[in-house]
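Subject: Handover of a structure and the findings on it

Dear colleague,

Please find below the structure that I am handing over to you. My notes on what was found in it follow directly after.

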Amino acid sequence: MLTVLNRKELCITFSIEQQSKIRESLVQHHIPYTVNEITPSAPGLGTVDLDKECISQYIIYVHKDDFEKAKFVTNL
């Protein structure tokens, strides 16, 4: 089980394709993970001009004991 106390940040990306590929690799190698998606929601922040690829930030965490294996299987 991943908690705030035993997890380690594997990567941060704005690309939904990249985070999807990373998640697929982690699933294939049976490495538990969590994803924190951060989407801007500040009033007055217009997202119309922003590239849709850069709207959300994805932070992927794995258990600290799985960190080195996760880096290896995801080529990070």
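Helices in these notes are DSSP runs of H or I with at least four residues, strands are runs of E with at least two, and both are numbered from the N terminus. Please bear in mind that this is a predicted model.

I begin with the strands. Strand S3 covers residues 57-63, and because six of its seven residues are buried, the strand is largely enclosed by the rest of the structure. Buried here stands for a relative accessible area under 20%. Strand S1, residues 7-13, pairs with S3 in the antiparallel sense, and six bridges join the two. Within this pairing, arginine 7 has histidine 63 of S3 as its bridge partner. Strand S2, residues 33-38, also pairs with S3 in the antiparallel sense, again over six bridges.

I turn next to the charged side chains. How many salt bridges does the structure hold? There is one, and it is formed by glutamate 68 and lysine 71, whose closest N and O atoms are 4.0 Å apart. Both residues belong to helix H2, which spans residues 67-74, and they are three residues apart, about one turn of the helix. Glutamate 68 is exposed, at a relative accessible area of 54%. Lysine 71 has a relative accessibility of 30% and therefore counts as partly exposed, since that class lies between the 20% limit for buried and the 50% limit for exposed.

Histidine 30 has a phi near 55°, which is a positive value in a residue other than glycine. Where does histidine 30 lie? Its place is the loop between helix H1, residues 16-28, and strand S2. With 71% relative accessibility, histidine 30 counts as exposed. Asparagine 75 likewise has a positive phi without being a glycine, here near 60°. Asparagine 75 is found in the segment after H2, and its relative accessibility of 69% makes it count as exposed.

With kind regards

How values were computed:
Residues numbered from 1 in each chain as written. Predicted model: local features only at pLDDT ≥ 70, side-chain atom pairs only at ≥ 80, totals over all residues. Heavy atoms only, no water. Buried < 20%, exposed > 50% of the residue type's maximum accessible area, 1.4 Å probe, protein only. Pairing = 2+ DSSP bridges.
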